[in-house]
Amino acid sequence: MEYGFGNYGFLQQGKMKNPPLVLLDLGVERRCREAYGYENKNRTGYGGYLLQYTLNGCGVYEIPGQKFYLSAGKGFFAKMPEDSRYYLASPHTPPVSTISPDGEWEFFYLHFDGLAAYPFWETVRELSGPVFSFAPQSPPARLFLQFFEKCREMRPSALYETGEFLYRFLTCLVRELEAPSPEGSALVKQASCCLRERFSSLQGIGEVAKACHVSQEHLTRTFRAETGQTPLQYLTRLRIEHALFLLLNTTDSIEHIAAACGFLNGNYFAKVFRRYLHCSPEEYRKRNRC
């Protein structure tokens, strides 16, 4: 994954008063063998929210009683000011195995504010605790770096353009933490491809494991370790998403939709559907169709 370095601040130009999301500044930085760090409780003039994500190397994020090593793929989401600190890890700081031998830390950050920011901060903390993680090639990282490159070429200054990006990034982040993208090893990529292509006809995860030439236990263990969900959870989500499309775009019966999505029967489909949507398929169709 290639990226440049730099920091960009934004003038908020627009007639909207008290916009829900305001991007203040962002950047990609590289710190190496230097005194770098901040005590966030002392940053009373640095309000809003700070989200920082490690691209390479390692940093440290501390809250009272806990220390987290931010290796590649990990980040924090702080509501400023707060009782925390972050700093560049020394190559001699344990655990040495997580820290770059060059003592470097490369990361991107977003500094923003607005009334709509708090629900995102609260949700991320509920999902992940003080430190979150997602794969470097996952949608949130790609979305940020694409926008960052746009800033390097021609800096967006309109309130609405930066606010739109910020909303897309935060929703993408929450979605990734709730259901990580099935990316990673060749096994997980092969299994996720099989699940997407055959979700309506699969009789069980054993068929996927057989197609991948591994045991079901190994597939489940690897898939969960890399994506945060089991193959069965991923399969069920695919089936429910297809069911939503059929409910909104066809007049097919519930039994027919259940069969088309790979569920054993209409009753089981309705039970699983209610667990995800908190209503029956019939109620969903009636409520959402125009």
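In this predicted model, helix H7 and helix H10 (residues 281–288) bring their axes within 9 Å of each other and cross at roughly 55°. That angle makes H7 oblique to H10, and the crossing is right-handed. On the H7 side, the contact is made by Leu 244, Leu 246, Leu 247 and Leu 248. Their partners in H10 are Pro 281, Tyr 284, Arg 285 and Asn 288. Sorted by class, the contact of H7 with H10 holds 6 nonpolar residues, 1 polar and 1 charged.

H7, which runs over residues 231–249, also packs against helix H9 (residues 266–277). Here the axes lie 11 Å apart and the angle is about 95°, so H7 and H9 are roughly perpendicular to each other. From H7 come Gln 233, Thr 236, Arg 237, Ile 240, Ala 243, Leu 244 and Leu 247. These meet Phe 269, Val 272, Phe 273, Tyr 276 and Leu 277 in H9. The class count for the contact of H7 with H9 is 9 nonpolar, 2 polar and 1 charged. Leu 244 and Leu 247 turn up among the residues of H7 that meet H9, and both are also listed among those that meet H10.

Another helix pair is H4 (residues 186–198) with H5 (residues 205–212), whose axes come within 10 Å and cross at roughly 130°. With that angle, H4 is oblique to H5. H4 goes past H5 in a right-handed crossing. The H4 side of this contact consists of Leu 187, Gln 190, Ala 191, Cys 194, Leu 195 and Arg 198. Split by class, the residues in the contact of H4 with H5 come to 8 nonpolar, 1 polar and 2 charged.

Stepping back to the whole chain, there are 10 helices and 9 strands. The C-alpha trace spans about 65 × 50 × 40 Å along its principal axes. Of the 290 residues, 48% count as buried. The chain exposes about 15100 Å², and carbon and sulfur atoms supply 51% of that area. As for contacts with a sequence separation of 6 or more, 72% of them link residues 24 or more positions apart.

Leu 26 sits in strand S2 (residues 22–32). Its relative accessibility is 0%, so Leu 26 counts as buried. Leaving aside residues up to four places away in sequence, Leu 26 touches Gly 6, Asn 7, Tyr 8 and Phe 10, along with Tyr 109 and Leu 110, and also Phe 144, Phe 147, Phe 148, Cys 151 and Phe 165. One of these partners, Phe 147, is 121 residues from Leu 26 in sequence, with 10 Å between the two C-alpha atoms.

Gly 45, on the other hand, belongs to the loop that joins strand S3 (37–39) to strand S4 (48–63). With a relative accessible area of 78%, Gly 45 is exposed, whereas Leu 26 is buried. Gly 45 is 36 residues away from Pro 81 in sequence, and their C-alpha atoms are 8.3 Å apart in space.

Key
Residues are numbered from 1 along each chain as its sequence is written. This is a predicted model: local features need pLDDT of at least 70, side-chain atom pairs count only at pLDDT 80 or more; totals for chains, interfaces and linings use all residues. Side-chain values use heavy atoms; hydrogens and water are left out. Axes are lines fitted to C-alpha atoms, for helices over the stretch in contact, and angles run from 0 to 180 degrees between N-to-C directions. Helices (H or I, at least four residues) and strands (E, at least two) are DSSP runs, numbered from the N terminus. Angles under 35 degrees count as roughly parallel, over 145 as roughly antiparallel, 65 to 115 as roughly perpendicular and the rest as oblique. A crossing is left-handed if the near helix is turned anticlockwise from the far one by less than a right angle, and right-handed if clockwise. Contact means heavy atoms within 4.5 Å. Ala, Val, Leu, Ile, Met, Phe, Trp, Tyr, Cys and Pro count as nonpolar, Asp, Glu, Lys and Arg as charged, and the others, Gly among them, as polar. Buried means under 20% relative accessible area, exposed over 50%, partly exposed in between (1.4 Å probe, protein chains only). Accessible areas come from the Shrake-Rupley method with a 1.4 Å probe; for residues, only the protein chains shown count as cover.
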